[in-house]
2 protein chains.
Amino acid sequence: MGYVRLAVLAAVAAHASAYSAVAPRSAMRRSRVATPVQRVPQTACTVLMATKTGVKAFVVGVAADSGCGKSTFMRRLTNIFGGKSALLDIGRETNTLVSDKTTVICLDDYHLYDRKGRSANKITALHKDCQKWDLMAEQVAAIKAGNSVMKPIYNHITGELDAPEEIVPTDIVIFEGLHPMLDDKVRSMLDLSIYLDISDEVKFAWKIQRDMQERGHSLESIKASIEGRKPDFDAFVAPQRANADIVIEVLPTQLVNDAEGKFLRVRFIQKAGLDLIKAPFLFDEGSTIEWTPCGKKLTCAYPGIKFRYGTEMYMGSEVTVLEMDGRFDKLDELIYVESALTNTGAKFYGELTQQILKNKDAVGSDNGTGFFQTLCSFKIREAYEKATGKTVDASAAA
Amino acid sequence: MGYVRLAVLAAVAAHASAYSAVAPRSAMRRSRVATPVQRVPQTACTVLMATKTGVKAFVVGVAADSGCGKSTFMRRLTNIFGGKSALLDIGRETNTLVSDKTTVICLDDYHLYDRKGRSANKITALHKDCQKWDLMAEQVAAIKAGNSVMKPIYNHITGELDAPEEIVPTDIVIFEGLHPMLDDKVRSMLDLSIYLDISDEVKFAWKIQRDMQERGHSLESIKASIEGRKPDFDAFVAPQRANADIVIEVLPTQLVNDAEGKFLRVRFIQKAGLDLIKAPFLFDEGSTIEWTPCGKKLTCAYPGIKFRYGTEMYMGSEVTVLEMDGRFDKLDELIYVESALTNTGAKFYGELTQQILKNKDAVGSDNGTGFFQTLCSFKIREAYEKATGKTVDASAAA
């Protein structure tokens with residue numbers, strides 16, 4: 001499937017010539033996606049229209065709130081599989097991000113109501129009654145089986161439900177959004193499930209930063225917006241943590257007093273006993289460890305870095321937890337930390353460090369969010385390889 | 001020197017036959033030490049009487065209070081060098097403990113006053129004015145140079161100053177007692193210095209156990225005895241910690257509420273940058289670590305075991321600290337912990353565990369006192385080998 005995908009990506013047009021043999025097919029597809037498609041009713045079962053592609057997709061669910069660095073997270077998760085990632089080239093607004101081997105589908109596309117409809121029905125996008133669950137389940141099943149689907153689009157700019165776009169399964173398909181693990185049917189089809197959990201304190205600090213300092217919103221309006229979302233968030237989004245294989249929890253630092261959210265304590269929480277992925281650990285598997293690498297051999301900038309590792313109960317399940325508090329100052333620290341970790345899923349010594357450095361300008365590359373999001377991408381690769389028997393070329397990672 | 005020593009030890013008489021060639025000399029020595037010697041003035045410079053033996057002794061100072069498991073500690077420190085250890089066979093009361101390669105000299109033997117004299121002069125044995133410093137320095141120098149000395153004896157049973165005994169230097173000579181590191185001249189001659197520091201809380205719990213429960217003393221008399229010793233202890237004994245290469249600090253546990261002193265938190269504190277010995281560490285040198293090995297792979301009995309490692313300032317010097325809180329329940333735990341330590345001075349994998357198990361009936365073998373006293377014996381061996389270029393046979397350890 002990789003070559004078809006490449007051909008439709010404007011961003012990697014230079015590569016297309018290498019696959020001239022497939023030009024007729026790719027040309028056909030390009031013309032289809034570039035031409036305005038006929039509007040289909042949003043509730044139609046588009047699975048019936050699917051093209052059999054033969055690529056059985058490895059399906060990952062990622063639950064993440066909006067405005068919390070989700071696009072950076074998605075880029076980290078897909079970069080590991082190589083090739084540039086870009087929005088699907090359909091000549092109009094889309095939420096779908098594609099690369100050679102990956103497709104990231106935004107679950108907002110399954111909104112039942114457009115912005116006006118939500119307002120009229122007094123329902124938030126967080127509410128379970130605001131999603132087309134049956135359609136979502138059908139399309140996840142179709143994609144998993146290797147069939148193309150016509151997926152609806154929610155236009156974040158206009159707030160409208162746009163005409164569907166064709167999704168051709170790639171090797172890895174990520175369903176990201178508010179509720180990938182809420183519906184039983186959808187959840188049971190996920191090969192791996194991940195939840196990015198930003199604590200209220202950190203969300204608040206980030207919103208202040210962005211909405212107040214950059215967009216001029218008032219502190220009151222920011223508080224009101226957070227408080228207004230909280231009931232539905234707590235009712236329908238947060239409970240999914242119990243069903244996630246991996247939770248990345250982002251908390252305020254414990255190293256210093258830091259009201260601005262400059263420093264973060266991030267926890268990589270992995271359910272125990274998973275078939276597809278091994279649990280990463282620090283020094284000694286199954287024990288409990290607190291580690292401050294900064295000291296005699298490694299001098300870290302203030303306020304330093306502290307790691308923790310241990311086994312605990314999390315929302316009713318046994319989990320292993322890797323925690324990082326603080327910020328990396330330079331390369332030495334990264335590789336030093338990586339050398340203390342086992343079961344990262346790295347394919348060679350230093351791959352985790354290399355991968356973080358490749359994306360070093362992305363938000364959070366110097367703290368636990370970047371570190372554990374990258375670790376998470378390694379876990380997706382590990383699970384994918386275990387489940388499919390295929391091998392991902394480590395040198396291809398972007 | 002080993003053969004001479006062996007010949008005079010009744011406990012190892014069976015070995016003596018192997019050295020029949022040296023019978024004349026050993027017979028001569030035996031007759032001398034067995035015959036009541038003439039009383040010499042306690043202040044005489046006995047160095048002049050010394051016999052040149054040619055064995056330059058490696059000299060270790062061990063500061064330790066009485067009634068705190070000192071004899072167990074001494075046994076652990078000397079066992080590592082092989083051969084049985086026993087009191088020097090002089091046919092009367094002695095404090096000197098000898099084995100093939102080691103001699104342990106009790107510094108009480110340099111008391112200036114006998115029990116009556118101390119009482120008459122209202123001075124405790126803890127006070128610096130109660131020791132014969134010049135004689136001690138002369139004899140340490142003589143022994144270090146390989147010369148025998150006639151060392152005075154303080155009789156702990158009668159409280160009197162008995163006639164001297166001849167000390168023939170062995171490869172390792174340990175000076176143990178209240179003040180091995182107080183006098184500048186003596187201290188500067190020590191090749192390695194160790195301080196066993198029992199905290200007041202633990203001392204009190206132990207004294208209650210021994211003096212109240214076993215000897216029927218009253219709680220008040222125990223308190224009075226501790227309080228009475230404290231001023232001189234704090235003035236003349238405790239400050240030596242600043243000069244020790246290694247301090248073993250015994251504290252109450254932090255794992256549980258434990259007024260009886262059943263569980264101990266023990267810290268192995270080693271001065272940074274020593275020439276003769278490397279600093280032991282847990283997992284990662286130069287960092288700070290807290291490790292609870294009990295968990296998934298290793299199930300420890302209540303209240304478990306917790307280790308710490310780090311660098312800190314201790315009485316004005318940079319030190320590395322290894323800490324163990326809690327108690328070992330079985331062999332698994334010991335070897336598991338040993339495998340996480342580096343720079344123990346062990347000569348093969350598991351030697352530390354083996355050595356502790358060989359002495360498993362000794363007090364403290366299941367906690368940090370036994371663990372770190374054994375580690376300390378490895379450090380003496382390491383220092384001895386580095387300083388002398390000689391090799392100690394690990395298989396000989398008792």
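**Entry 1: between the domains.** I began with salt bridges across the interface of domain 1 of chain A and domain 2 of chain A, and the rule finds 0 of them. I kept in mind that this is a predicted model. Polar contacts were my next stop, and there I got 7 residue pairs between domain 1 of chain A and domain 2 of chain A, both partners at pLDDT 80 or more.

Which elements of domain 1 of chain A touch domain 2 of chain A with at least two residues each? I found strand S1 (58–64), helix H4 (70–79) and strand S8 (192–198) of chain A. H4(A) gives the most to that side, with 5 residues. Sorted by class, the residues on the side of domain 1 of chain A that touches domain 2 of chain A are 8 nonpolar, 3 polar and 3 charged.

**Entry 2: extent of the domain contact.** For bounds I used 25–193 for domain 1 and 245–388 for domain 2 of chain A. Their C-alpha centres lie 29 Å apart. I noted 14 residues of domain 1 of chain A in contact with 24 residues of domain 2 of chain A. Together the two domains of chain A bury about 1,700 Å², with 65% of it on carbon and sulfur atoms. I also looked up who supplies the area on the domain 1 side: Arg76(A), Ile80(A) and Leu192(A) give 41% of what domain 1 of chain A buries against domain 2 of chain A, more than any other three residues.

**Entry 3: how the chains are related.** Next I laid chain A on chain B, which took a turn of 180° and a shift of 0.0 Å along the axis, with an RMSD of 0.0 Å. That is the relation of a two-fold axis. Which residue of chain A comes closest to the rotation axis? I found Glu290(A), with its C-alpha at 2.4 Å. The same surface serves both copies, as 100% of the contact residues of chain A recur in chain B.

**Entry 4: between the chains.** I counted 18 residues from chain A and 18 residues from chain B in the contact. Chain A and chain B bury about 1,400 Å² between them, and 47% of it is on carbon and sulfur atoms. Here, too, I got 0 salt bridges between chain A and chain B. Polar contacts between chain A and chain B came to 9 residue pairs, both at pLDDT 80 or more. Strand S12 (residues 288–292) of chain A gives the most to the side that touches chain B, with 5 residues. By class, I wrote down 6 nonpolar, 6 polar and 6 charged residues for that side of chain A.

How values were computed: Residues are numbered from 1 along each chain as its sequence is written. Chains are lettered from A and ligands numbered from 1 in the order in which they are written. This is a predicted model: local features need pLDDT of at least 70, side-chain atom pairs count only at pLDDT 80 or more; totals for chains, interfaces and linings use all residues. Side-chain values use heavy atoms; hydrogens and water are left out. Domain bounds come from an automatic or database domain assignment. Contact means heavy atoms within 4.5 Å. Buried area is the accessible area (1.4 Å probe) that two parts lose on being put together, summed over both. A salt bridge is a side-chain nitrogen of Lys or Arg within 4 Å of a carboxyl oxygen of Asp or Glu. A polar contact is a pair of N or O atoms within 3.5 Å; within protein, one must be able to donate a hydrogen and the other to accept it, and residues adjacent in sequence count only if both atoms are side-chain atoms. Helices (H or I, at least four residues) and strands (E, at least two) are DSSP runs, numbered from the N terminus. Ala, Val, Leu, Ile, Met, Phe, Trp, Tyr, Cys and Pro count as nonpolar, Asp, Glu, Lys and Arg as charged, and the others, Gly among them, as polar. Copies are superposed by least squares on the C-alpha atoms of residues with pLDDT of at least 70 in both.
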